[in-house]
Amino acid sequence: MEPMLLKPIGKDYLWGGTRLKEEYNKDIDMTPLAETWECSTHPDGQSIVASGEFKGKTLAEVIKAHPEYLGTKYKDKGELPIIVKLIDAKEKLSVQVHPDDKYALEHENQKGKTEMWYVLDAEPGAQLIYGFAHPVNKKILQKAVETNTLSKHLNKVNVNKGDVFFIPPGTVHAIGKGIIIAEIQQSSNVTYRVYDYNRKDKNGNKRELHFDKAMDVLDMSVSRDIRQNPRIMRYTPGCSRELLCRCELFEVERIQVSDRFEFEVTDTSFQVLLCTDGEGVLNSEYTQLCFSKGDCVFVPAEPKKFIAAGNMTFVNIKC
């Protein structure tokens with residue numbers, strides 16, 4: 001089993017920009033380029049293998065043929081449990097919420113969405129929406145949407161490069177303009193739009209809202225305290241490691257390499273590497289794979305040691 005460089009699928013949502021092409025080397029003929037689904041087997045956007053013996057196949061096809069690549073923890077489920085994305089918010093996203101697994105399976109026939117955001121860049125003054133500023137109810141929110149006054153009920157958070165936000169199901173949220181984010185989420189594409197600023201799509205139609213379903217799943221209490229605790233850095237010769245997020249679904253660690261970083265993969269689960277800056281080489285006993293800023297690598301589950309060598313920063317995602 002060898003690591004696989006992945007080619008993403010792009011999404012041209014109206015709020016996107018061009019920075020993923022300009023700064024993250026995305027060769028996708030799409031303007032705007034709002035999102036790239038870097039590692040995904042979801043039917044709405046499947047990554048393509050760009051290296052090795054499976055080059056040209058979708059990652060979903062490879063995993064279907066080799067479920068053992070997921071590891072003993074996931075092989076019986078037969079599908080990748082996460083999606084890894086890059087998001088370029090040139091303009092603000094809709095105000096939205098995601099359901100939990102129970103609601104999504106019952107109403108959408110797919111799982112709900114827990115996600116995290118790792119801010120790769122943010123313009124001065126950039127903000128995002130996370131939760132409500134005060135308690136609300138359906139009647140208040142209905143009137144606010146109808147009168148375009150929802151903003152006064154929302155909790156706005158200033159954003160800086162390097163910030164991390166964990167977004168559990170039921171949390172009202174929106175990425176603000178001028179922010180680039182790496183998103184790690186459950187393998188789901190269920191989003192309920194609460195409000196979209198009366199914007200129109202390329203065909204002149206207002207985008208659909210999902211108010212009633214959103215009301216079913218929204219946590220209408222005051223936003224929890226999302227101030228970030230100091231993150232612990234661990235240093236070894238040639239690299240530093242920083243835990244960004246850990247939940248029951250995934251663990252995300254930022255690795256900054258100035259020389260080399262040694263790590264192990266087990267037969268329990270796969271790992272995903274997303275390079276956010278620099279370039280380097282991923283070496284194992286019999287393989288060598290070059291990767292650079294914007295690249296994403298799927299590492300199959302197999303007891304094996306790797307060395308990432310070079311000058312780069314990447315996030316290492318484990319499930």
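Leaving out neighbours within four places in sequence, Ser 223 is in contact with Tyr 130, Gly 131, Phe 132 and Asn 155; contact means heavy atoms within 4.5 Å. This is a predicted model: local features need pLDDT of at least 70, side-chain atom pairs count only at pLDDT 80 or more, and totals for chains, interfaces and linings use all residues. Residues are numbered from 1 along each chain as its sequence is written, and side-chain values use heavy atoms, without hydrogens and water.

Ser 223 sits in the loop between helix H5 (211-217) and strand E16 (233-236). Helices (H or I, at least four residues) and strands (E, at least two) are DSSP runs, numbered from the N terminus. Ser 223 counts as buried because its relative accessible area is 18%. Buried means under 20% relative accessible area, exposed over 50%, and partly exposed in between (1.4 Å probe, protein chains only). The Ser 223 side chain reaches the backbone oxygen of Tyr 130 at 3.3 Å.

Arg 199 is in the loop between strand E15 (192-195) and H5. Its relative accessibility is 17%, so Arg 199 is buried. Its side chain makes a polar contact of 2.7 Å with that of Asp 196. Such a contact is a pair of N or O atoms within 3.5 Å; within protein, one must be able to donate a hydrogen and the other to accept it, and residues adjacent in sequence count only if both atoms are side-chain atoms. Beyond four places in sequence, Arg 199 touches residues including Trp 15, Glu 91, Lys 92 and Asn 205. The charged end of Lys 92 sits over the ring of Tyr 197, 4.1 Å from its centre. Here NZ of Lys or CZ of Arg must be within 6 Å of the ring centre and within 35 degrees of the ring normal.

Helix H4 (residues 138-146) buries Leu 141, Ala 144 and Val 145. Down the axis, the buried residues of H4 fall within an arc of 95°, so they line one face. The arc is that of the directions from the helix axis to the C-beta atoms. The face turned away carries the exposed Lys 139, Lys 143 and Glu 146. Cover for the buried residues of H4 includes strand E10 (127-132), E15 and H5. Asn 137 caps the N-terminal end, with a side-chain oxygen 3.1 Å from the backbone nitrogen of Lys 139. Asn 148 follows H4 and has a positive phi, near 60°.

The largest nonpolar core has 38 residues; Cys 39, Leu 80, Ile 82, Phe 270, Val 272 and Phe 298 touch the most other members. A second, separate core of 23 residues includes Val 95, Leu 141, Leu 154 and Val 190. A nonpolar core is a set of buried Ala, Val, Leu, Ile, Met, Phe, Trp, Tyr and Cys residues joined through side-chain atoms within 4.5 Å.

The whole structure holds 10 aromatic pairs. Rings of Phe, Tyr and Trp (its six-membered ring) pair if their centres lie within 6.5 Å; planes under 30 degrees apart are stacked, over 60 edge-to-face and the rest tilted. Two pairs are tabulated.

| Pair | Centre to centre | Plane angle | Class |
|---|---|---|---|
| Tyr 74 and Phe 270 | 6.1 Å | 55° | tilted |
| Phe 263 and Phe 306 | 5.5 Å | 20° | stacked |

Phe 263 lies in strand E19 and Phe 306 in strand E23 (residues 304-318), 43 residues apart. Phe 261, Phe 263, Phe 291, Phe 306 and Phe 314 form one aromatic cluster.
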